Amino acid sequence: MNFDFNITQKQQQFIQSEEFEVLFGGAAGGGKSYGQLIDALLFALKYPRSKQLILRRTFPELEKSLVREHLKLYPREIYTYHPSFHSGNFKNGSILDFGYCDNETDVFKYQSSEYDVIRFDEATHFTEFMYLYLISRCRGANKFPKQIKSSTNPGGVGHEFFKKRFIDAGPWNESFEGVGGKRIFIPSRAEDNKFLMENDPNYIKRLENLSQKEKQALLYGDWDIFEGRFFPEFKRESHVVKPFDIPKSYRRYVTLDYGMDMLAVIWIAVDERGYSYCYKELYEGRDNSMGKDRRGHIVSEAAKRIKEVNDGEKIYLFLAPPDLFNRNRDTGKSTALIFSQLGIPLVKTSNNRINGWRSVREALKTEVDEQGVKRPNLMIFPQCSNLIRCMGSLQYDSKNFEDAAVFPHEITHMPDALRGYCVFNRGSMKGKADKKDFIKDNFRFAQESDALGRGDEIVVF
């Protein structure tokens, strides 16, 4: 049987995805539910006697959306729906069940069930417990593909769980390893749905009338929505860019935030026009919040790891906060001096948090370049996943609106490292007074290191 279905490129990507867990979503109007129904139909016809379950959180949502829409799409010559059982049968023996979970105990209705594909529509309406329990029902002795295919907008009770599991866990539109199998997040926006844009061109204008928070979720598909977000100007769609080979002509910096609880390091390349690219990161230490219990690095281990990740790259400057330059009372040496002795010559940045955060905002600012292209001054490669996650999660200090909160502490290290680079890049390189102080401070440190015979490793302008 031939079908005349029109699908978008994003829907096609969702249908063709082979990862065990797939999340298709973002803004409203991306055609997510339609993609689910077409995908379910094609799977049922391709694999005779297969079993699928498609879920919404409540029965009214299920009946008014998926049930109603699939009856318009599925040919009656090959498919029969049984409303009393919320189930459909295909002529080739395949089954499509429609389910819902009003509360967490409803998942036990599926305790003895087996499905080849389980589909969550508006997945963030489900709790973490619901999702994890129900995906355990994806099983069977046959050789059919086993998949969990979800679609959703940001927001809802499961927002943080899905954000952590898909959005922050790996590069978008690319497979990455997860517990139990590969995963992928496929973002979509209304503009990706050419059929909606052609038939309802005013849809986006109606979304623009929503409250700011709802507009961020439904119009822009912004997963970093929450009250108190410190960098609302940080947008993944504009600041996270496709990786490329860094030319040798780009000046490279390494900026770090170091303590016994965490080593956070960012590699940044600057092109001839002054645009900065965060292209590599190192993020290791004690981190219970991410489900791991790792001990921190002592200075020698930290220096070793930086060298390993740097892998011989020629670095113009290694930037570090002023606290690393304070002398230890027992040894008389500073942490920066020990780093220098181990081959990582650190240069001091400013510890002014307010000016530092202003510098980060300047770097995030989007402007029109000489070619008329709107772009930010600082961009990030997808492999810097911890930097991306922490920039989107950093919160305001409740007592100082111009400063970032220091808790939860785990998410502060990467933004602090980036702050050190941005305040240096904006201040010492553009302001004459700042540059003079910078030279004086680092010349003094160079002399201090030279007393130990290592002054040649310190970069001084």
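This is a predicted model: local features need pLDDT of at least 70, side-chain atom pairs count only at pLDDT 80 or more; totals for chains, interfaces and linings use all residues.
1. Helix α3 spans residues 59-73, and its axis comes within 10 Å of that of α2, the two crossing at roughly 55 degrees. Because angles from 65 to 115 degrees would count as roughly perpendicular and those under 35 degrees as roughly parallel, this value makes α2 oblique to α3. The crossing in which α2 passes α3 is right-handed.

2. Helix α2, which covers residues 32-46, also packs with helix α1, residues 9-16, at an angle of about 40 degrees and with the axes 10 Å apart. That angle makes α1 oblique to α2, and the crossing of α1 past α2 is right-handed. From α1 the contact draws on Gln11, Phe14 and Ile15, while from α2 it draws on Tyr34, Gly35, Gln36, Ile38, Asp39 and Leu42.

3. Turning to the strands, what is the order of the open sheet of six strands? It runs β14-β13-β10-β11-β12-β17, and the pairing within it is mixed. The edge strands, each of which pairs on one side only, are β14 at residues 346-348 and β17 at residues 378-380. Neighbouring strands of this sheet are turned against each other by 30 degrees on average, when direction is ignored.

4. At the β14 edge of the sheet, strand β13, made of residues 317-320, runs parallel to β14 and is joined to it by three bridges. Phenylalanine 318 stands opposite leucine 346, which lies in β14.

5. Which helix packs on the sheet, touching β11, β12 and β17? It is α13, residues 385-393, and the strands it touches include β11 at 262-270 and β12 at 276-285. The direction of α13 makes about 90 degrees with that of β12.

6. For the protein as a whole, the model contains 15 helices and 19 strands, and 52% of its 461 residues are buried. Of the contacts between residues at least 6 apart in sequence, 68% join residues that are at least 24 apart. The accessible surface amounts to about 22300 Å², with 50% of it belonging to carbon and sulfur atoms.

Terms used. Residues are numbered from 1 along each chain as its sequence is written. Side-chain values use heavy atoms; hydrogens and water are left out. Helices (H or I, at least four residues) and strands (E, at least two) are DSSP runs, numbered from the N terminus. Buried means under 20% relative accessible area, exposed over 50%, partly exposed in between (1.4 Å probe, protein chains only). Contact means heavy atoms within 4.5 Å. Accessible areas come from the Shrake-Rupley method with a 1.4 Å probe; for residues, only the protein chains shown count as cover. Two strands pair if DSSP finds at least two bridges between them. Axes are lines fitted to C-alpha atoms, for helices over the stretch in contact, and angles run from 0 to 180 degrees between N-to-C directions. Angles under 35 degrees count as roughly parallel, over 145 as roughly antiparallel, 65 to 115 as roughly perpendicular and the rest as oblique. A crossing is left-handed if the near helix is turned anticlockwise from the far one by less than a right angle, and right-handed if clockwise.
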